[in-house]
Every structure is written in C-alpha cells, then in structure tokens.
Amino acid sequence: MKTDSEQIAGLVDRANDGDEQSRDRLLRWLEPVLRGFFVKRIGLRTEVDDLVQNTLVRVHQGMPRLRESGSLKAFSMKAALFELQDFYRGRYGPKERNLLDEIELEDVRTRVQDAMSIDIEMALSSLTPQARRIIELKEYGYKYSEIAGMVGSTEAAIKMQVKRAFEKMRDLLAAISVLFIMLLFR
C-alpha cells in the first residue's frame with residue numbers, strides 16, 4: 001500500500017505528463033491546506049479566497065518545473081508564502097474596486113494599518129531576541145525540532161517559548177487594541 005507522499009508524487013508525475021485529472025486532484029487536495037495556511041496567518045478575511053486561488057495558479061504554472069515530485073507541498077507552501085508577502089507588503093488587493101468606497105475608507109484604512117503594524121512591531125519588540133527569532137522561524141514554517149537544532153535547545157523548550165511568546169504578544173496586543181478603540185471613538 002502506498003503512503004500519502006508516494007500517492008501525491010505519483011499524481012505529480014502523471015500531472016506533469018499531461019493527465020488533467022491528476023492535476024485537478026492535486027489542486028483540490030492542496031486547496032484546504034492552503035486555506036488553513038492563510039486563515040491561520042490573516043484570519044477569516046475575504047482575501048483568503050483570492051490568496052488561495054492565486055497560490056493554486058502559481059502551483060499550476062510552476063508544477064512542470066518541479067524537480068522532485070515528492071516536494072509538491074513544500075513547493076506550494078513557498079508559493080503561498082510569496083502570496084502572503086505580497087499581501088503584507090500592500091501589493092495585493094481586490095481586482096475590482098468600488099472607487100467611492102475606496103475614497104471614503106482610504107483614510108481610515110491607512111490609520112488602522114499603520115496602527116496595526118506599529119502594534120505588531122511593538123509586541124514583537126517586547127520579546128527577547130531569541131524568542132523573536134524562534135517566532136520568526138516558526139512563522140517561516142520550520143518544525144519545533146528543526147528550530148531546536150538551530151538555536152541549540154530542546155523541542156520541549158522551544159514549544160514552551162513559543163507558547164509564552166504568543167501569550168505575551170496576545171496580552172500586549174489586546175491592551176493596545178483597547179487603547180486604539182478608545183482613541184478611535186473619542
């Protein structure tokens with residue numbers, strides 16, 4: 001009996017040989033994985049569907065260049081990371097815009113985005129340099145065991161540091177959000 005990895009690798013090979021059904025199965029298999037990736041990072045927002053679709057297009061277009069058929073998931077996650085980076089850098093947006101809504105909301109949107117980026121930077125700066133590095137490595141998709149090897153610690157210690165760092169950032173961001181809301185409605 002083949003493992004999931006072997007089955008995926010076989011589908012990639014068949015898709016690259018021109019089998020459209022295999023390509024469709026792969027893209028359908030990737031869709032919930034990518035959706036989970038984006039929801040985890042930006043929450044349940046309307047942009048998630050677009051981010052997933054754009055990533056699937058990248059994967060579809062790049063699949064013939066995939067050197068190892070067993071590395072589809074890693075290839076897809078890298079494509080998703082590129083989409084997410086474009087989103088965070090402001091290079092991403094709905095393709096169709098209502099200009100009246102955009103003019104009215106642009107000032108509020110800019111203020112909120114500026115405040116959020118300051119809040120996140122402030123929360124990250126409250127962490128120790130090692131905790132910040134661990135959070136960044138986790139965000140890049142490294143496993144706890146890999147991070148432990150990189151920073152010379154144990155996997156259990158890394159898990160605890162991530163948990164504590166997120167708790168500290170969550171508490172700080174909650175306090176900042178309350179202050180921001182109070183200032184916004186003043």
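The model is a predicted one, in which local features need pLDDT of at least 70, side-chain atom pairs count only at pLDDT 80 or more, and totals for chains, interfaces and linings use all residues. Residues are numbered from 1 along each chain as its sequence is written, and side-chain values use heavy atoms, with hydrogens and water left out.

**Exercise 1.** Describe the secondary structure of the protein chain and state what share of its residues is buried.

*Solution.* Begin with the elements: the chain has 8 helices and 0 strands, where helices (H or I, at least four residues) and strands (E, at least two) are DSSP runs numbered from the N terminus. Read from the N terminus on, the order is therefore written α-α-α-α-α-α-α-α. Turning to burial, 29% of the 186 residues are buried, a term that means under 20% relative accessible area with a 1.4 Å probe, protein chains only.

**Exercise 2.** Work out how helix 2 and helix 3 are placed against each other, and which residues meet there.

*Solution.* The first step is the geometry: helix 2 and helix 3 pack at an angle of about 135°, and their axes are 9 Å apart. Because of that angle, helix 2 is oblique to helix 3; angles under 35 degrees count as roughly parallel, over 145 as roughly antiparallel, 65 to 115 as roughly perpendicular, and the rest as oblique. The next step is the residues that meet (contact means heavy atoms within 4.5 Å): those of helix 2 include L27, L30 and L34, and those of helix 3 include V48, L51 and V52. By class, the residues of this contact divide into 11 nonpolar, 2 polar and 4 charged.

**Exercise 3.** Carry out the analysis for helix 3 (residues 47-62) and helix 4 (residues 72-88).

*Solution.* These two helices pack at an angle of about 130°, with their axes 9 Å apart, which means that helix 3 is oblique to helix 4. Among the residues that meet are L51, T55 and V59 in helix 3 and F75, A79 and F82 in helix 4. The contact has 8 nonpolar, 4 polar and 4 charged residues.

**Exercise 4.** Locate R41 and find which residues R41 touches.

*Solution.* R41 lies in helix 2, which spans residues 20-42. The side chain of R41 reaches the backbone oxygen of F37 at 3.1 Å. Leaving aside residues up to four places away in sequence, R41 touches L84, Y88 and E139.

How values were computed. Axes are lines fitted to C-alpha atoms, for helices over the stretch in contact, and angles run from 0 to 180 degrees between N-to-C directions. Ala, Val, Leu, Ile, Met, Phe, Trp, Tyr, Cys and Pro count as nonpolar, Asp, Glu, Lys and Arg as charged, and the others, Gly among them, as polar. A polar contact is a pair of N or O atoms within 3.5 Å; within protein, one must be able to donate a hydrogen and the other to accept it, and residues adjacent in sequence count only if both atoms are side-chain atoms. Buried means under 20% relative accessible area, exposed over 50%, partly exposed in between (1.4 Å probe, protein chains only).
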